Amino acid sequence: MQIQSNIKKIHDDIRAAAQKSGQDASRVTLIAVSKRKPPEMIQQAIDAGHRDFGENYIQEAMEKIDLLGRKSATWHFIGHLQSNKAKFAVKYFDLIHTVDTVKLAQEINRQAQKIGKIQKILLQVNISREATKSGAQESEIVNIAKQTCRFDNLHVSGLMCMPPFFDDPEDTRIYFKRLKQISKEIERLNLPNTTMTHLSMGMSNDFTVAVEEGATLVRVGTAIFGARQ
């Protein structure tokens, strides 16, 4: 089965990258990015023993999760989230990677409170300052963390970023290093409801560099499921 062998190869690459840089490979979770992929392909990955999946679009994700089962996997929301979809994200997802404003955090907290859930979130940093990308600016992120930590039904579990795409993955290293630095800055503040456990960074073309720089969550789609149709 191609999906199974693809997942195995990526795990091997993660282990090699971790070993090379003195990181602990067991701290790295591979998130299979399953957006635009049919439930049958996700089921193949689940059957192969894979448990973490990333979705970008709420409506599409809800349909797939309802079909495959909420408990069949750990579900990560990795797309841009609008406040009016927060209640669905809270209901369906274990971890929301893309919180970039206090307003969005407040709405997620409100929806989590309604169902008695502590929602785990990551704060998204627009590390490359690209106008086309979501995420808070570096200059804002510490202030967002200071405000978000006051919400009792949220737990800020780390940071997420998407650097620019480069043909040479080595060019992404500077961005991953910077996210790690910001994480340490926030960690030193000892904020309530906040632990900088996770760095969600690295995709199909650059995840090994991300692992070398301390990624704990890598988001890989194409290298698992093949190119988008």
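Mentor: Helices here are DSSP runs of H or I with at least four residues, strands are runs of E with at least two, and both are numbered from the N terminus. This is a predicted model, where local features need pLDDT of at least 70, side-chain atom pairs count only at pLDDT 80 or more, and totals for chains, interfaces and linings use all residues. Residues are numbered from 1 along each chain as its sequence is written, and side-chain values use heavy atoms, leaving out hydrogens and water.

Trainee: OK, what follows α2?
Mentor: Glycine 49, with a positive phi near 100°.

Trainee: And which residues of α2 are buried?
Mentor: In α2 (residues 39–47), Pro39, Ile42, Ala45 and Ile46 are buried. Buried means under 20% relative accessible area, exposed over 50%, and partly exposed in between, using a 1.4 Å probe and protein chains only.

Trainee: Why do they line one face?
Mentor: Down the axis of α2 they fall within an arc of 120°, so they line one face of the helix. The arc is taken from the directions from the helix axis to the C-beta atoms. Glu40 and Asp47, on the other side of α2, are exposed.

Trainee: What covers the buried residues?
Mentor: The cover includes α1 (2–21), β2 (52–55), α3 (58–68), β3 (74–77) and α9 (222–225), with contact meaning heavy atoms within 4.5 Å.

Trainee: Switching topic: how many disulfides are there?
Mentor: Zero in the whole structure, counting a disulfide as a pair of cysteine sulfur atoms within 2.5 Å.

Trainee: Is cysteine 161 buried or exposed?
Mentor: Buried, at 0% relative accessibility. Cysteine 149 is buried too, with a relative accessible area of 5%.
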